[in-house]
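Take a look at the structure below. Keep the sequence at hand as you read.

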Amino acid sequence: MKKFLLTAAALAFAFPALAADLEVSGAFLRAPPKAANGAGFLTITNSGKQDDKLIAASASVSKAVELHTHIKDGEIMRMRKVDSIAVPAGGKAELKPGGDHVMFIDLTAPLKEGDKVTLTLTFEKAGDVKVEMPVASVGAMTAPMAPMDHSQHMKH
Ligand SMILES: [Cu+2]
């Protein structure tokens, strides 16, 4: 028994990289009614010692999922596709309205507030990370509160 414990401890020590250093928080998605596209926002925190990069995203709710940023073109903000979004070691990447975001191109079905979408984020080093994104109201700037759900009580 003692030997087993020592082995387990040794293994845990030998492969610390197996523990993901990335944490995704505050994820939400906005899709105006009847819009063809939706935009997803989230914060990725990298508590590890190596830089990582978000290189792709995928979901079943749209025909394509792209990584986008906003650039200022004169007075107009335009969206532009990017190949990756950096997540620096000890830092974070904030995907938020007006900045970087995940773009859901050609939604296959309308999304409504309260729906949940499963998004798979692919990182250069950490690999795939699955995130549940609640669909927020069109004007939302931050993720909806975790559903404590008073509405359940009211519905009966
Ligand atoms: Cu976009």
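The model shown here is predicted. The protein has 2 helices and 10 strands. A copper ion is coordinated by four named residues: His68, Met79, His101 and Met103. A search of the whole structure also finds 3 salt bridges.

**Overall fold**

- From the N terminus on, the elements run α-β-β-β-β-β-β-β-β-β-β-α.
- The protein has 156 residues, and 32% of them are buried.
- Take the contacts with a sequence separation of 6 or more: 66% of them join residues 24 or more positions apart.

**The copper site**

- Which atoms hold the copper ion? They are ND1 of His68, SD of Met79, NE2 of His101 and SD of Met103.
- These donors sit at 2.1 to 2.2 Å from the copper ion.
- The site is tetrahedral, with angles of 90 to 122 degrees among its 4 donor atoms.
- For comparison, the ideal angle for four tetrahedral donors is 109.5 degrees.
- Along the sequence, the donor residues follow the spacing H-x10-M-x21-H-x1-M.
- Met79 belongs to strand S5 (residues 76–81) and His101 to strand S8 (residues 101–107), so this pair ties together parts that are 22 residues apart in sequence.
- Is His101 buried or exposed? His101 has a relative accessible area of 1%, so it counts as buried.
- Met79 has a relative accessible area of 42%, so it is partly exposed.

**Salt bridges**

- Lys53 is partly exposed at 32% relative accessibility. Glu124 is also partly exposed, at 45%.
- Arg78 and Asp73 form another salt bridge, at 2.5 Å from N to O.
- Arg78 has a relative accessible area of 40%, so it is partly exposed. Asp73 is partly exposed too, with 37%.
- Lys112 pairs with Asp115 in a salt bridge, and their closest N and O atoms are 3.4 Å apart.
- Lys112 is exposed, at 56% relative accessibility.

**Asp52, a buried charge**

- Asp52 lies in strand S3, which covers residues 52–58.
- Which side chain of opposite charge is nearest to Asp52? It is Lys125, at 5.4 Å.
- The backbone of Lys125 does meet Asp52: its nitrogen lies 2.9 Å from a polar atom of the Asp52 side chain.
- Beyond its neighbours within four places in sequence, Asp52 is in contact with several residues, among them Leu22, Asn46, Phe123, Glu124 and Lys125.

- Thr45 is in strand S2 (residues 38–46).
- Thr45 has a relative accessible area of 30%, so it is partly exposed.
- Not counting residues up to four places away in sequence, Thr45 touches Asp21, Leu22, Glu23, Gly91 and Lys92.
- The C-alpha atoms of Thr45 and Ala89 are separated by 8.6 Å, and the two residues are 44 residues apart along the chain.
- Thr120 is in strand S9.
- Thr120 counts as buried, at 12% relative accessibility.
- Leaving aside neighbours within four places in sequence, Thr120 contacts Ala56, Ala57, Ser58, Asp128, Val129 and Lys130.

**Asp106, a positive phi**

- Asp106 lies in strand S8.
- What is phi of Asp106 near? It is near 65 degrees, a positive value in a residue other than glycine.
- Most residues other than glycine have a negative phi.
- Asp106 is partly exposed, at 35% relative accessibility.

Note on methods: Residues numbered from 1 in each chain as written. Predicted model: local features only at pLDDT ≥ 70, side-chain atom pairs only at ≥ 80, totals over all residues. Heavy atoms only, no water. Helix = DSSP H or I, 4+ residues; strand = E, 2+ residues; numbered from the N terminus. Buried < 20%, exposed > 50% of the residue type's maximum accessible area, 1.4 Å probe, protein only. Lys, Arg positive; Asp, Glu negative; His and termini not counted. Salt bridge = Lys/Arg side-chain N within 4 Å of Asp/Glu carboxyl O. Polar contact = N/O pair within 3.5 Å; in protein donor to acceptor, adjacent residues only side chain to side chain. Contact = heavy atoms within 4.5 Å. Donors = N, O, S within 2.8 Å, 3.2 Å for Na, K, Ca; no water. Tetrahedral: all angles 85-135°; square planar, octahedral: opposite > 155°, others 65-115°.
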